[in-house]
Amino acid sequence: MALRIYFSPKVTIVGSLLIALMLRLSWWQWHRHLEKQELIKVLDARLADEPVPANKILEKNAPLSDLVHARIRVEGEYDFAHEVVLRNRRYDGMAGVHVLTPLKIPGEERRLLVSRGFLPLVDSERDARAKYQAPSRATFVGLIKEPLTAHFFAPKDPEPVIGKWVDAWLRPDVAKIQKQLPYPLLPFYVELMDEEDIGKVREKILTSSSDKEELLSLTTRKVSATPDYTKYSFPISVYDVIVPPGKHLGYVYEWAFMALMTGLICLVLQLRPRHNVRGRS
């Protein structure tokens with residue numbers, strides 16, 4: 001039976017909009033792929049550099065873009081009274097939190113927010129965390145990280161108000177966390193590093209999964225029902241991960257393929273037997 005295309009304004013308009021959206025998303029993922037490639041080059045270069053003492057980094061007053069992923073040598077005293085946590089985190093199948101603790105650097109008025117690592121959910125409350133709050137003085141090498149703020153459609157952290165302490169946060173939003181503290185914070189935070197092998201650190205940072213996917217719920221990941229906490233030494237150093245460029249490249253092909261399939265579906269929906277088309281004219 002002979003077929004021909006019968007033009008349907010509704011199918012054509014809807015299909016064209018969907019195809020344009022999918023191609024736009026494919027293009028966006030391609031640019032994310034390129035951005036991640038450049039970011040990894042920066043990460044590799046800065047991980048290869050020797051750690052720089054905190055006072056030297058602060059003296060330079062360099063822009064944050066020049067500091068992210070650089071290793072910093074820190075010495076100071078923790079302020080455990082103003083510690084907060086990042087909720088909805090996991091490690092090795094365990095649900096838990098990341099601990100953020102302000103640290104006083106000698107000679108610096110501003111405090112440095114330090115991610116000391118992962119704690120299991122059973123020890124995430126303020127009173128339970130007390131057993132991990134020693135010693136107060138610390139010397140370590142850390143990784144400088146850029147604060148995170150909520151995107152337009154992302155769930156938002158509560159706004160701190162006088163007399164109401166916010167203990168659990170979704171992301172390390174330094175500017176917002178500072179609003180409930182009695183002193184200013186440096187414009188970045190630091191992840192405490194306990195691994196000297198830079199290759200292993202890089203491997204932990206570059207992963208195909210991310211805790212950012214778990215800001216809404218932990219149910220998307222498998223978590224251990226009864227983990228054996230005795231085999232861990234808490235808090236465990238953790239890193240905010242970077243999704244590799246290859247994953248974005250996969251999304252490029254996925255969105256392009258969906259655009260192609262949408263076009264084919266629109267074509268099929270507008271095919272009619274030739275005699276039916278004549279009957280409509």
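The model is predicted. The protein chain has 281 residues, with 6 helices and 10 strands. The structure holds 14 salt bridges, and three of them are described below.

**Overall build**

- Helices number 6 in this chain, and strands number 10.
- Buried residues make up 42% of the 281 residues.
- Take the contacts with a separation of 6 or more: 72% of them come from residues 24 or more positions apart.
- The accessible surface comes to about 16,200 Å². Carbon and sulfur atoms account for 58% of that surface.

**Why charged side chains pair**

- Side chains of opposite charge can pair when their charged atoms come close.
- In this structure, the count of salt bridges is 14.

**Glu108 and Arg110**

- The side chains of Glu108 and Arg110 form a salt bridge, at 2.8 Å from N to O.
- Glu108 has a relative accessibility of 13%, so this residue counts as buried. The cut-off for buried is under 20%.
- Arg110 is partly exposed, at 28% relative accessible area.

**Asp123 and Lys131**

- Asp123 pairs with Lys131 in a salt bridge. Their closest N and O atoms are 3.4 Å apart.
- Asp123 is buried, with 10% relative accessibility.
- Lys131 is exposed, because its relative accessible area is 58% and the cut-off for exposed is over 50%.

**Asp167 and Arg126**

- A salt bridge links Asp167 and Arg126, and their closest N and O atoms are 3.0 Å apart.
- Asp167 lies in the loop between strand E7 (137-145) and strand E8 (168-169).
- Arg126 sits in the loop between strand E6 (111-120) and E7.
- The pair therefore ties together parts that are 41 residues apart in sequence.
- Asp167 counts as buried, at 15% relative accessibility.
- Arg126 counts as partly exposed, at 33%.

- Which residues do salt bridges with shared partners join into one network? They are Glu83, Arg116, Arg126, Arg129 and Asp167.
- The Asp167 and Arg126 salt bridge described above has both of its residues in this network.

Methods:
Residues are numbered from 1 along each chain as its sequence is written. This is a predicted model: local features need pLDDT of at least 70, side-chain atom pairs count only at pLDDT 80 or more; totals for chains, interfaces and linings use all residues. Side-chain values use heavy atoms; hydrogens and water are left out. Helices (H or I, at least four residues) and strands (E, at least two) are DSSP runs, numbered from the N terminus. Buried means under 20% relative accessible area, exposed over 50%, partly exposed in between (1.4 Å probe, protein chains only). Contact means heavy atoms within 4.5 Å. Accessible areas come from the Shrake-Rupley method with a 1.4 Å probe; for residues, only the protein chains shown count as cover. A salt bridge is a side-chain nitrogen of Lys or Arg within 4 Å of a carboxyl oxygen of Asp or Glu.
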